[in-house]
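Please look over the sequence and the structure shown here before reading on. The report below takes up a few local features in turn.

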Amino acid sequence: MSHLIKPILDGTYPKVSYGKGVFLYDEHGKDYLDASSGAVTVSIGHGVQEITDVLENQAKRVSFVYRSQFTSEAAERLAEKIYKLSNGHLSYSFFVNSGTEATETAMKMALQHFQEKGQGSKLKILSRWMSYHGITIGSLSMSGHSIRRTRFVPLLQDYPTVSAPYCYRCPYHMEFPSCQLRCADELERAIIRIGEEHIAAFIAEPIIGAAGAAITPPPGYYERIRDICDRYNILFIADEVMTGLGRTGKMFGYDHWEAKPDIVTLGKGLGAGYTPIAAAVATEEVMLPIKKGSKLVMSGHTFSANPLSCATALSVLQYVEKYNLVDESAQKGAYLKKELLKLKERFSIIGDVRGEGLLLGVEFVEDKKTKEPFPTSAQLTNQIIQTAMQNGLLLYPSAAGIEGVRGDAIIISPPFTIKEGEIKELLCRFEKTLSSIEMRLKNNQEERE
């Protein structure tokens with residue numbers, strides 16, 4: 001009997017033994033190619049000695065201090081590194097333990113920014129449907145992830161108001177560029193309806209992750225969003241928990257557009273799975289009223305900015321720079337995407353392949369021509385995830401379809417360190433999985449007939 005609460009209480013999970021590079025090994029020695037970097041997290045691969053050495057050395061010095069009593073060299077250097085990686089745009093880092101905590105801290109920063117300026121009525125955070133910003137009540141209120149919201153709706157704020165820039169299933173049934181970015185203009189209409197005096201910020205993932213399988217906005221989208229936020233005195237929060245620090249082939253996901261956010265959240269790639277750490281990072285302009293006023297960001301957690309996690313995260317970022325892994329993500333992602341597009345032509349169930357760098361999404365459909373999704377009863381995403389795992393391939397499940405309610409998709413996001421031969425092995429195992437799924441669907445159809 002296990003006393004551990006697992007994702008599915010009566011589910012059966014292999015027991016991991018160790019990881020090395022892009023592979024994980026269970027207690028029986030079976031290898032699993034980690035094509036999802038866990039939860040789009042292990043950007044530099046498993047078992048990197050350079051990182052574990054830093055972790056061990058820091059633990060020997062000091063693992064924990066309380067942030068209201070001490071700062072540390074590790075925390076100071078990590079904040080400075082993020083400042084430099086942003087080319088001086090993001091001046092101040094607030095370190096927390098998870099992406100959820102980071103987005104909630106970013107929300108509090110935005111509210112407090114206006115409170116300290118005497119604009120305390122600006123209390124709402126607008127967001128998009130088909131988005132995911134975390135699982136606490138505050139961060140879930142900002143999330144337009146219907147499946148994860150449904151149990152808690154009475155407790156949540158009505159923050160999601162804007163359609164996702166979902167070109168494969170355009171909410172206006174149009175195509176870019178003739179659509180003239182109507183999905184971006186929805187933000188302005190929402191602001192006018194609600195009143196700018198009530199709105200502190202708009203939060204968005206540069207490329208949508210778990211709620212949309214790497215939905216990537218078209219050119220000009222974020223430039224339009226940035227302009228709208230500026231005109232209505234609203235802060236723009238970029239949720240880079242999944243996209244940040246190289247995952248999309250650029251250091252920050254927002255670098256794909258000429259639009260800089262006011263606050264950025266970082267998470268998964270910050271610690272790369274070697275330690276729990278995340279951050280809410282703000283510009284000088286956001287922090288200035290707080291510096292002149294209360295001098296206190298009203299947020300924090302026991303383990304915020306602990307030296308062990310900060311030293312480990314700093315070593316991860318140094319490792320990414322040392323081995324040019326952001327460029328590796330861009331180049332390997334382009335190759336992997338090209339090969340996935342070839343599979344799209346071969347397999348009838350692949351409707352769309354999208355994303356940037358090594359954040360790639362594959363959406364599945366029952367009918368390519370009409371884009372009709374599979375019925376929810378088919379549980380196709382779960383079938384694909386389980387079959388892939390049997391084939392030694394780890395994929396990340398994602399929502400898809402209209403409003404993210406009915407649809408099937410997965411994210412493919414291996415570590416930046418994946419080698420060409422390992423990409424080919426990934427594709428081989430994925431192709432084997434798709435063949436099994438299509439054969440199963442065909443047999444089920446024949447049985448029904």
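## Source of the model

The model discussed here is predicted, and its residues are numbered from 1 along each chain as the sequence is written.

## A cluster of aromatic rings

The structure holds nine aromatic pairs. One of them is formed by tyrosine 222 and phenylalanine 236, whose rings are stacked, with 5.8 Å from centre to centre and 20 degrees between the planes. This pair links distant parts of the chain, since tyrosine 222 belongs to helix H8 (residues 221–231) and phenylalanine 236 to strand E8 (residues 235–240), 14 residues apart. Tyrosine 222 has a relative accessible area of 3% and is therefore buried, and phenylalanine 236, at 2% relative accessibility, also counts as buried.

Tyrosine 222 also forms an aromatic pair with tryptophan 257, and here the arrangement is edge-to-face, with 4.9 Å between the centres and 75 degrees between the planes. This second pair again links distant parts of the chain, for tyrosine 222 is in helix H8 while tryptophan 257 is in the loop between E8 and strand E9 (263–266), 35 residues apart. Because buried means under 20% relative accessible area, tryptophan 257 counts as buried at 7%. Ring pairs link Phe202, Tyr221, Tyr222, Phe236 and Trp257 into a cluster.

## Charges over rings

Tyrosine 172 is found in the loop between strand E6 (160–162) and helix H7 (182–194). With a relative accessible area of 26%, tyrosine 172 is partly exposed. Tyrosine 172 and arginine 182 are 10 residues apart along the chain, and their C-alpha atoms are separated by 7.8 Å. When neighbours within four places in sequence are left aside, tyrosine 172 is in contact with Arg182, Cys183, Glu186 and Arg189.

## Helices that cross

How do the axes of H7 and H8 cross, and at roughly what angle? The two axes come within 8 Å and cross at roughly 15 degrees, so H7 and H8 are roughly parallel to each other. H7 passes H8 in a right-handed crossing. The contact is made by Cys183, Ala184, Asp185, Leu187, Glu188 and Ile191 of H7, together with Tyr221, Arg224, Ile225, Ile228, Cys229 and Arg231 of H8.

The axes of helix H13 (residues 380–390) and helix H14 (residues 420–448) come within 9 Å and cross at roughly 130 degrees, and H13 and H14 are therefore oblique to each other. H13 passes H14 in a right-handed crossing, in which Leu380, Gln383, Ile384, Thr387 and Ala388 in H13 meet Thr433, Ser436, Ile437, Arg440 and Leu441 in H14. For helix H3 (residues 73–85) and helix H11 (residues 307–322), the axes come within 8 Å and cross at roughly 35 degrees, and this crossing is left-handed. Among the residues that meet there are Ala74, Ala75, Arg77 and Leu78 in H3, and Pro307, Cys310, Ala311 and Ala313 in H11.

Most residues other than glycine have a negative phi, and most peptide bonds are trans. Against this background, a cis peptide bond joins phenylalanine 176 and proline 177, with omega at about 10 degrees. Proline 177 lies in the loop between E6 and H7, and tyrosine 172 is found in the loop between E6 and H7 as well.

Valine 40, a residue other than glycine, has a positive phi near 55 degrees. Valine 40 is found in helix H1 (residues 37–40), and with a relative accessible area of 2% it is buried. Alanine 213 likewise has a positive phi, near 55 degrees, in a residue other than glycine. Alanine 213 is found in the loop between strand E7 (199–204) and H8, and it counts as buried at 0% relative accessibility.

Note on methods. This is a predicted model: local features need pLDDT of at least 70, side-chain atom pairs count only at pLDDT 80 or more; totals for chains, interfaces and linings use all residues. Side-chain values use heavy atoms; hydrogens and water are left out. Rings of Phe, Tyr and Trp (its six-membered ring) pair if their centres lie within 6.5 Å; planes under 30 degrees apart count as stacked, over 60 as edge-to-face and the rest as tilted. Helices (H or I, at least four residues) and strands (E, at least two) are DSSP runs, numbered from the N terminus. Buried means under 20% relative accessible area, exposed over 50%, partly exposed in between (1.4 Å probe, protein chains only). Axes are lines fitted to C-alpha atoms, for helices over the stretch in contact, and angles run from 0 to 180 degrees between N-to-C directions. Angles under 35 degrees count as roughly parallel, over 145 as roughly antiparallel, 65 to 115 as roughly perpendicular and the rest as oblique. A crossing is left-handed if the near helix is turned anticlockwise from the far one by less than a right angle, and right-handed if clockwise. Contact means heavy atoms within 4.5 Å.
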